[in-house]
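Here are a few exercises on charges and contacts, each with a worked solution. Keep the viewer open and follow along.

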Amino acid sequence: MKDNKQQIARIRQMERRLDRALLAVKRLSTALDKWEAVQEDIAALDKYYGSDEWKQDFADDEAGLLPADLKRGVLSEDAIWNLLADSKELNKKVK
């Protein structure tokens with residue numbers, strides 16, 4: 001009988017590589033589908049940030065005219081800015 005220990009080890013190693021690669025491709029494909037689905041949201045946030053509406057919303061928040069329990073991450077100057085910057089960097093990687 002042929003001594004094929006190296007051959008078997010090689011095939012097992014390649015199978016592990018195939019399994020890892022298949023999983024990574026599947027996960028990336030799912031993530032890209034989600035990414036594509038939020039592009040409209042990102043575009044709307046980009047348009048909103050720095051607009052007259054955003055400035056008014058920000059000023060009203062600063063003046064205490066909005067409910068205290070209102071989630072207002074979009075009014076922080078960093079949240080949308082960071083999202084847009086990260087989005088641009090990610091788009092460079094994807095293309």
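Contact here means heavy atoms within 4.5 Å. The model is predicted, so to speak of local features takes pLDDT of at least 70, side-chain atom pairs count only at pLDDT 80 or more, and totals for chains, interfaces and linings use all residues. Residues are numbered from 1 along each chain as its sequence is written, and side-chain values use heavy atoms, with hydrogens and water left out.

**Exercise 1.** Find the place of aspartate 61 and list what it is in contact with, leaving aside neighbours within four places in sequence.

*Solution.* Start with the location: aspartate 61 sits in helix α3 (helices are DSSP runs of H or I, at least four residues, numbered from the N terminus). Next, the cover: its relative accessible area is 18%, so aspartate 61 is buried (buried is under 20%, exposed over 50%, partly exposed in between, with a 1.4 Å probe and protein chains only). Finally, with neighbours within four places set aside, aspartate 61 is in contact with Leu66, Arg72 and Leu75.

**Exercise 2.** Search the whole structure for salt bridges and describe each pair.

*Solution.* The search turns up two salt bridges.

- Aspartate 61 pairs with arginine 72 at 2.5 Å, N to O. This one links distant parts of the chain, eleven residues apart: aspartate 61 is in α3 (residues 52-62), arginine 72 in the loop between α3 and α4 (77-94). Arginine 72 is partly exposed at 23%.
- Glutamate 89 pairs with lysine 92, with the closest N and O atoms 3.3 Å apart. Both belong to helix α4 and are three residues apart, so about one helical turn separates them. Glutamate 89 is partly exposed at 47%, whereas lysine 92 is exposed at 60%.

**Exercise 3.** Is serine 87 buried or exposed, and which residues does it touch, not counting those up to four places away in sequence?

*Solution.* Serine 87 is found in helix α4. Its relative accessible area is 5%, so serine 87 is buried. Beyond the residues up to four places away, serine 87 touches Trp35 and Ile42.

**Exercise 4.** Locate arginine 17 and say how exposed it is.

*Solution.* Arginine 17 belongs to helix α1 (residues 5-37). With a relative accessible area of 46%, arginine 17 is partly exposed.

Notes
A salt bridge is a side-chain nitrogen of Lys or Arg within 4 Å of a carboxyl oxygen of Asp or Glu. Helices (H or I, at least four residues) and strands (E, at least two) are DSSP runs, numbered from the N terminus.
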